[in-house]
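Hello,

Here is the structure we spoke about, with some notes on it below. Please read them with the model open beside you.

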Amino acid sequence: MKPSAKRSTSADVALAAGVSRTTVSYVLNNHPGQTIPEDTRRRVLDAAERLQYRPHASARALAAGRSDIVLLAVPDLPIGPSISRFVEELAAALAEHGLTLVTHLLGARGRALPDVCAAVGASAVLGFEGFDEATVQALRRVGVAVVLPAGDDAPHSAMPPLGRLQGEHLIGLGHRRIGYLLPSPTRFRPMGAARLRGVSGACAEAGLAAPVALGAAELDIDALARVVERWTAEGVTGVCAFNDEHAIALLAALRHLGLAAPDDLAVVGADDIPMARFAAPPLSTVCFDLAEAGRYRADSVLAALAGRGAPSPGPGATPRLVRRLSS
């Protein structure tokens, strides 16, 4: 078996460039306060490129005082187009400032979040929802400098405002009995419950009864048709769905019963996935500006790492309604 190639070290670069390891460090880390002749700097860079030298993450972290790793803790949720786009935008925004995004899927299996952070040397950890105090302290103990959202920021989830906008949309159209389609499977219920709180808040503010929250064990047309029949019996005329996939499945169940949106049941989804506009009928939904959301999260990390206050969110950080024919 052919032995694996030996990883180049800073000593190899120094030898090839004819300089000291200290000079190599100054050049490759762009160390401030040092005047390195241009020809020396070029010899070091050329040698590093020729030897395909890559500094160890731990060495870089030691030199900089922190690593360049930002870890995004992704909850046990369907990784659809919206989450994928957000991750892409966040990674790109962080990369502009020399930070690398690593994602970790949370769940019952696999290593605990603090263990993963310790293994990759993360300097910052981001979550879709707030971290509880015990988790924050565990992350601090393994060297994570920034945890977002946490503490006073933790309750400020984007989920209730999204649900509120769904409810306000239907109420504004004259609906007085609102339904809510809970997520399937049940492991997605925490996020569904957060969005439902927003719908409930909109109903309460309008003086209406709490939404009739129902769900099916799976996104099955027959099971959803039975849910529709229960809503009809309760006098529900408009439904907020957990997300667009659930809303599109609900539209299929309506067709199965010989019903149609919005005449028999108005439907509004969430997330504005690409297929929402191609649903039958095209789906009304609620969404965020994912590019701006990614930039805002990246700016929040940079500010926290620099010891500055959190930046003000832009207008794209709040959800907006996209009205189509389903409502």
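Where is Pro281 placed? Pro281 sits in the loop between strand 8 and strand 9 (285-287). Bear in mind that this is a predicted model.

That loop has other entries on the list. A cis peptide bond joins Ala280 to Pro281, with omega at about 0 degrees. Asp271 is found in the loop between strand 8 and strand 9, and its phi is near 110 degrees, a positive value in a residue other than glycine.

Another cis peptide bond links Ala261 and Pro262, where omega is about 5 degrees. Pro262 lies in the loop between helix 11 (244-256) and strand 8 (266-268).

Next, a helix pair. Helix 6 (residues 113-120) packs with helix 7 (residues 133-141) at an angle of about 25 degrees, and their axes are 9 Å apart. Angles under 35 degrees count as roughly parallel, so helix 6 and helix 7 are roughly parallel to each other. Their crossing is right-handed. Helix 6 contributes Leu113, Pro114 and Cys117 to the contact, and helix 7 contributes Thr135, Ala138 and Leu139. Of these residues, 5 are nonpolar, 1 is polar and none is charged.

Last, Arg297, which is in helix 12 (residues 290-305). Arg297 has a relative accessible area of 19% and is therefore buried, as buried means under 20%. Leaving aside residues up to four places away in sequence, Arg297 touches Phe86, Leu90, Leu126, Gly127, Phe128, Leu148 and Pro149.

Regards

Notes
Residues are numbered from 1 along each chain as its sequence is written. This is a predicted model: local features need pLDDT of at least 70, side-chain atom pairs count only at pLDDT 80 or more; totals for chains, interfaces and linings use all residues. Side-chain values use heavy atoms; hydrogens and water are left out. Axes are lines fitted to C-alpha atoms, for helices over the stretch in contact, and angles run from 0 to 180 degrees between N-to-C directions. Helices (H or I, at least four residues) and strands (E, at least two) are DSSP runs, numbered from the N terminus. Angles under 35 degrees count as roughly parallel, over 145 as roughly antiparallel, 65 to 115 as roughly perpendicular and the rest as oblique. A crossing is left-handed if the near helix is turned anticlockwise from the far one by less than a right angle, and right-handed if clockwise. Contact means heavy atoms within 4.5 Å. Ala, Val, Leu, Ile, Met, Phe, Trp, Tyr, Cys and Pro count as nonpolar, Asp, Glu, Lys and Arg as charged, and the others, Gly among them, as polar. Buried means under 20% relative accessible area, exposed over 50%, partly exposed in between (1.4 Å probe, protein chains only).
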